[in-house]
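Subject: Structure handover

Hello,

Here is the structure for you to take over.

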Amino acid sequence: MSHIKIELKQCETDKLREICQSFNNNPGELINILHKAQHTFGYLPAEVQEFIADELKMPVAKIYGVVTFYSFFTMLPKGKHPISVCTGTACYVRGAEKVLDEVKRSLNINVGETTPDGKFSLSCLRCVGACGLAPVVMVGEKVYGRVSPDGVKDILGEY
Amino acid sequence: MNNIKLTIDDKTVEVAPGTSILNAARTVGVDIPTLCYFKLGDMPIENRPGGCRVCVVEVEGRKNLAPACVTECTEGMVVKTHTIRALNARKTVLELILSDHPTDCLVCAKSGNCDLQALAQKMGIRQLHYTGAQSHYRKDTSPSIIRDMDKCIMCRRCEMMCNTVQTVGALSGINRGFMSVVAPAFEMDLEHSVCTYCGQCVAVCPTGALTEVDHTNAVIRALADPSKTVVVQTAPAVRAALGEEFGLEPGTLVTGKMVAALRRLGFNYVFDTDFAADLTIMEEGTEFLNRLTKFLEGDKDVKLPILTSCCPAWVKFFEHQFPDMMDIPSTAKSPQQMFGPIAKNYFAEKIGVSRKNMVVVSIMPCLAKKYECSRDEFKVDGNPDVDYSLSTRELAMLIKQSNIDFNALPDEDFDNPLGESTGAAVIFGTTGGVIEAAVRTAYELYTNKPLPRPDFVELRGLEGIRSATIDVDGFDLKIGIAHGLGNARKLLEDIRAGKSHFHAIEIMACPGGCIGGGGQPLHHGKLDILKKRQMAIYREDAAKPIRKSHENPFIIELYKEYLGKPLSEKSHHLLHTVYFDRSRSPILIKSNGKCE
């Protein structure tokens, strides 16, 4: 798999070390550590995984295995405003796919991609636990409920 | 705790609590098929992911079928392994696995030795009812191992070997669902990973997903080239296992037939890696005695324990994982790589053949040896000291292809001068053997007294980590032995922590040592086979007229005529090597970027 070659900066490795240490460098906490690392970096490039492997003294292949297993983790940089369209059962039957198509059309990107200006990225997720609001779209931490394809334009306009 | 009584296929079985249905059934001759389950005798090597679902059985009172490998026996349990429901489920599971498998058995390297193929035969699968998507991956060829993941059935035996047993961590299950596969980190080529090429993944792979790089055709071409003098060397563990490929009982020694077969294949000189093993003992043993003498004289900087360096997978392991300790292993090359330069210099000069017209082939129980002979430091102007390394399995294939009736061959002797060896060299093929050979020589050189007996039974066995204290004329020599890289790691971490009390440690990467190497005939989880090979090695040692390396007359002559003495300038040049830091830490090196 091709990945973007980056160079981690001192402050970034310090931050990663701090995250690992906050979990006592315990390999059993790997998922929590990756979660925090992704929250900090927006994504989990190979270099971040290698650094965590060194800190936790575990094989980087195992970390890559976990990163590729969970759809939440991503190795591609996210946009400034990551958009997540819920395609869980409830949202799906209430028309999430049409909403997703409209987002793709408006931004001219596919799921897993980022706009060339780095402003938006698009992903799908499975259920945010707000099925009463289906279909649900998240932009960053903000949750939008009962979204219709027509409403996509307004949501994107906020950013 | 009391034993548990249950019934399996109308047979009463009594087992210890915690026993799985699968293992309980095996004790009464009921062989429930499985693809993912793997266990190597009573060694702590077990794969039990409960993933393939081929072993499902019916348990009275239970609604669904039970996977026999992960279901524990309970008191009064009634198990039926071949009801219509169990058989149908098993066949369906198998057909689904086969629906995502290339059915190219006719040309597959594993054909005839493949667990999946054998099971399809056993279950009488004659038609594939399911057609669906097929997984396709790029073929990954490294210097030793080929990964063809189209043939992977996700049993994860390789992952268990690589991570739990060897603690190498090159392979992991990645992705999920239909996309899941076993791969190195970031799906990089094996060649760029931390893989040591120990080949234990190949040794346990039930299909053709993991196989060795085949050099038999290159060797056939060299043998057919009249301008080439082709020299072959055979490692000690090969003679104790090659016979299995020709239907002989495990543990049958076929040294003489192997020599005869190699001669009939057309090798100009049939030599023995054992000769180079004796040479290794001279160099490594002398290096050890030098370090020990300095240590006893109070030198605080001297590096002890000394670690053996015969095993290329072990060498690559410490280059990746313990680069801070590269001054601890002996600098002596492995016997394979000592043989190369002696053949291409000393022997080539003797018979008046130029280096470029000599081809050195090694027959090894090992896959890492293929990688080892390709390392740049073992080449002169691009010409390798050892040109090709064939596994025991490849040699068997070569013999069969050449229409040689192996079992009918007479016993023949190795050629001289590089074919003469001692019992000490033979035991290099098993865990504990290298250090026993070293002790035999070190004892006599250190004390100037003859050894009361050459056998050090306290160094023998199959325990993963062993230790022994040997009385060397009043001095307590402390020896450590590890086989399997996970066990080696434990001893290395002790050294790093300053807790090791050993003077010398022998390490071999494969469980059992070279007798269990990744290039040997497949043992299919039968530890008995390894035990019989080990006994054969000790039998050959005991039958040798000379059993100490420094008494090998051709070794004595080699030093007199050519090398001078152990650790001489010439020895250093030809027989010693350097190690390279292969730890991956691109970030740690490059982490000086400015922060915003």
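This is a predicted model: local features need pLDDT of at least 70, side-chain atom pairs count only at pLDDT 80 or more; totals for chains, interfaces and linings use all residues.

Residues are numbered from 1 along each chain as its sequence is written, and chains are lettered from A and ligands numbered from 1 in the order in which they are written.

Domains and overall form

Domain bounds here come from an automatic or database domain assignment. For chain A that assignment gives domain 1 (10–69) and domain 2 (81–157), and the C-alpha centres of these two domains of chain A lie 28 Å apart. Chain B is assigned domain 1 (4–99), domain 2 (105–212) and domain 3 (216–575). Between domain 1 and domain 3 of chain B, the C-alpha centres are 42 Å apart.

Chain B has 19 helices and 22 strands. Helices (H or I, at least four residues) and strands (E, at least two) are DSSP runs, numbered from the N terminus. The radius of gyration of chain B is 25 Å, close to the 25 Å that the globule rule gives for 596 residues, so chain B is as compact as a globular protein of that length. That radius is taken over C-alpha atoms, and the globule rule is 2.2 Å times the number of residues to the power 0.38. Along the principal axes, the C-alpha atoms of chain B fill a box of roughly 80 × 70 × 55 Å.

Of the 596 residues in chain B, 50% are buried. A residue is buried if 20 or more other C-beta atoms lie within 10 Å of its own, exposed if 12 or fewer, and partly exposed in between, with C-beta atoms placed from the backbone. Taking contacts in chain B between residues at least 6 apart in sequence, 73% join residues at least 24 apart. Two residues are in contact if their C-beta atoms, placed from the backbone, lie within 7 Å.

The five-stranded sheet

In chain B, five strands form an open sheet in the order 2-1-7-5-6, with mixed pairing. Strand 2 (11–15) and strand 6 (66–67) of chain B are at the edges, each with a single partner strand, so one side of each has no neighbour in the sheet. Two strands pair if DSSP finds at least two bridges between them.

Strand 1 (residues 4–8) of chain B is joined to strand 2 of chain B by five bridges, and the two run antiparallel. Thr7(B) has Thr12(B) as its bridge partner in strand 2 of chain B. These two strands of chain B form a hairpin with two residues between them, where Asp9(B) takes a positive phi near 50°. Strand 1 of chain B is also joined to strand 7 of chain B, by two bridges and in parallel; there Ile8(B) stands opposite Val79(B).

At the other end of the order, strand 5 (residues 56–59) of chain B runs antiparallel to strand 6 of chain B, with two bridges between them. Val57(B) is the bridge partner of Ala66(B) in strand 6 of chain B. Helix 2 (residues 84–99) of chain B lies across strand 5 and strand 7 (78–80) of chain B, at about 160° to strand 5 of chain B. Axes are lines fitted to C-alpha atoms, for helices over the stretch in contact, and angles run from 0 to 180 degrees between N-to-C directions.

The four-stranded sheet

Another open sheet in chain B has four strands in the order 15-22-21-20, again with mixed pairing. Strand 15 (306–307) and strand 20 of chain B are the edge strands, each pairing on one side only.

Eight bridges join strand 20 (residues 465–472) of chain B to strand 21 (residues 475–483) of chain B, and these run antiparallel. Ile470(B) has Leu477(B) as its bridge partner in strand 21 of chain B. The two strands of chain B form a hairpin with two residues between them, and Asp473(B) in the turn has a positive phi of about 55°.

Strand 21 of chain B runs parallel to strand 22 (residues 504–508) of chain B, with five bridges.

The loop residue

Thr331(B) lies in the loop between helix 9 (312–321) and helix 10 (335–351) of chain B. Thr331(B) is partly exposed, with 18 other C-beta atoms within 10 Å. Leaving aside neighbours within four places in sequence, Thr331(B) is in contact with Glu287(B), His576(B) and Thr577(B).

Regards
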